[in-house]
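Please read the following alongside the sequence and the coordinates. The text goes from accessibility to salt bridges, then to the ligand and to two further residues.

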Amino acid sequence: MHEFKYRNKQLYCEGVKIQDLVKRFSTPLYVYSYHTILGHFIKLKIAFKKSKPLICYSVKANSNLAILRALVKEGAGLDIVSGGELFRAIKVGCPPERIVYAGVGKTEKEIKEAIKIGILFFNVESISELENINGISKRLNKITNVAIRINPDVEPKTHRFITTGRLTNKFGVDFKTAYKILKMRKDFKFLNISGLHIHIGSQITSPLPYVSAIGKLLNFIRKLRKEGIELEYLNIGGGLGIIYNKETPQTAEEFAKRLLPLLKKSNLKIIMEPGRFIVGNAGVLVTKVLYIKSTSKKKFVIVDAGMNDLIRPALYDAYHNILPLKMIPQRKGNAQKVDIVGPICESADFFAKNRTIPKLKENHYLAIMGAGAYGFSMSSNYNSRCRPAEVLVKEDKFYLIREREAYNDLIDNEVIPEFLR
Ligand code: PLP
């Protein structure tokens, strides 16, 4: 599943001892495995080869240029949600006809840029947005491809913050609205409404919610066909879950086995938008133990990474396995129950709560596992902390793919007005 393994009691990423990367780049440090990233992409591609999907990696999961480039070189398309992500997609040489663009709040500037570049299509999330894209296309005198994002109202059984396919969520339109749009499609003279899109949530560990959502889509597509409304694309979004703790997510093969017969029935070109599945287990956040502190109620291990570097535990109460870079011998009475926390002035700044772990000491180093997706891409400068460096490992070689930020980066765009000088 990933290429982070112990060798001679030291944690390695592929052929590189992570402790050596710490010596070179310090901590906190993100470390990614190139072969794990590509391996996941290829696994999905092979599992779904009968439906020949365009796999558009979801940039938001991890948007580092080197990672995008690695996937684009391997034939991936990109799923984007902002002008900034479009900028990155173009920077890494992604052909525009492999870019799909979702998001409920695309601005006029962002829409214009994407139309001019000639992306494959927009995943449109409301009638107002559809009207807006039609108007902008008219002004640019271009016909724009769009897919309608449907909210199929299915329960994906995941954390409520990453559920996106219920009618209580802000995403997409219901079937009734989609039908209305398709019936009046000729009124949108500058749009080619050529597809349907769903993305029902993230970290989904069973194929059943997809089966249910795609089943609903198939009924809808049948109804449209009867009325002479033909489409070209079916985009089933992302959301495939991975192992963080004790989950037993579907493998790519199991997922494909359940979905391929349904996708075949649609008779449409298939698009997928996986993010977490590709990069989630391909990255770790390495951190140093600064202090050990006990209160009458708890023992705290204070590390040099914080919620600004990896916000998932604070945001979703997410579980991350935490491993020492150097294996600690498991002796009787050696284990202890601790909270592993960061240096930030928030009680939500933690990586583990009441975790039983071999006895840690100051200056030990830890790898927070499964940090490749929604790790660095959700990081911030909160508490004026410089964001970590990122390193990509390929076999026994490593590459710095983002420098650690410096204090000057923190204030680069700030100005003290003249009257305060
Ligand atoms: N597609 C869309 C429209 C999304 O909003 C997201 C994530 O939020 C994804 C794809 C990727 O999801 P995941 O990383 O769970 O595969």
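A residue is called buried when its relative accessible area is under 20%, exposed when it is over 50%, and partly exposed in between, with a 1.4 Å probe and only the protein chains counted. The model is a predicted one, in which local features need pLDDT of at least 70 and side-chain atom pairs count only at pLDDT 80 or more, while totals for chains, interfaces and linings use all residues. Residues are numbered from 1 along each chain as its sequence is written, and side-chain values use heavy atoms, with hydrogens and water left out.

By the accessibility cut-offs, Lys23 is exposed, with a relative accessible area of 67%. Asp20 is partly exposed, at 35% relative accessibility. These two side chains form a salt bridge, with 3.7 Å between the closest N and O atoms; the term stands for a side-chain nitrogen of Lys or Arg within 4 Å of a carboxyl oxygen of Asp or Glu. Both residues belong to helix α1 (residues 18-25), where they are 3 residues apart and so separated by about one helical turn. Helices here are DSSP runs of H or I with at least four residues, strands are runs of E with at least two, and both are numbered from the N terminus.

Helix α5 (residues 108-117) holds another such pair, Lys109 and Glu113, which are 4 residues apart and therefore also separated by about one helical turn. Their salt bridge has an N to O distance of 3.1 Å. Lys109 is exposed, with a relative accessible area of 58%, whereas Glu113 is partly exposed at 29%. A further salt bridge links Glu230 to Arg225, with the closest N and O atoms 3.2 Å apart; Arg225 is partly exposed, at 27% relative accessibility. Through shared partners, salt bridges also join Arg387, Arg402 and Glu405 into one network. The count for the model comes to 14 salt bridges.

Which residues come nearest to the ligand? Of the 15 residues around the ligand, these are Ser202, Gly239, Glu273, Arg276 and Tyr374, where a residue is near if one of its heavy atoms lies within 4 Å. The shell divides into 3 nonpolar, 7 polar and 5 charged residues. In this scheme Ala, Val, Leu, Ile, Met, Phe, Trp, Tyr, Cys and Pro are nonpolar, Asp, Glu, Lys and Arg are charged, and the others, Gly among them, are polar.

A backbone N or O atom of Arg276 is 2.8 Å from a ligand oxygen atom. Polar side-chain atoms take part as well: one of Asp79 lies 3.2 Å from a nitrogen atom of the ligand, and one of Lys60 lies 3.5 Å from an oxygen atom of the ligand. The ligand taken alone exposes 400 Å², of which the protein buries 91%; accessible areas come from the Shrake-Rupley method with a 1.4 Å probe.

Two buried residues remain. Ser51 sits in the loop between α2 (34-47) and β5 and is buried at 17% relative accessibility. Leaving aside neighbours within four places in sequence, Ser51 is in contact (heavy atoms within 4.5 Å) with Leu260, Leu263 and Ile270. Leu54 is part of strand β5 (residues 54-58) and is buried at 19%. With residues up to four places away again not counted, Leu54 touches Gly77, Glu97, Arg98, Leu120, Ile270, Ile271 and Met272.

Terms used. A polar contact is a pair of N or O atoms within 3.5 Å; within protein, one must be able to donate a hydrogen and the other to accept it, and residues adjacent in sequence count only if both atoms are side-chain atoms.
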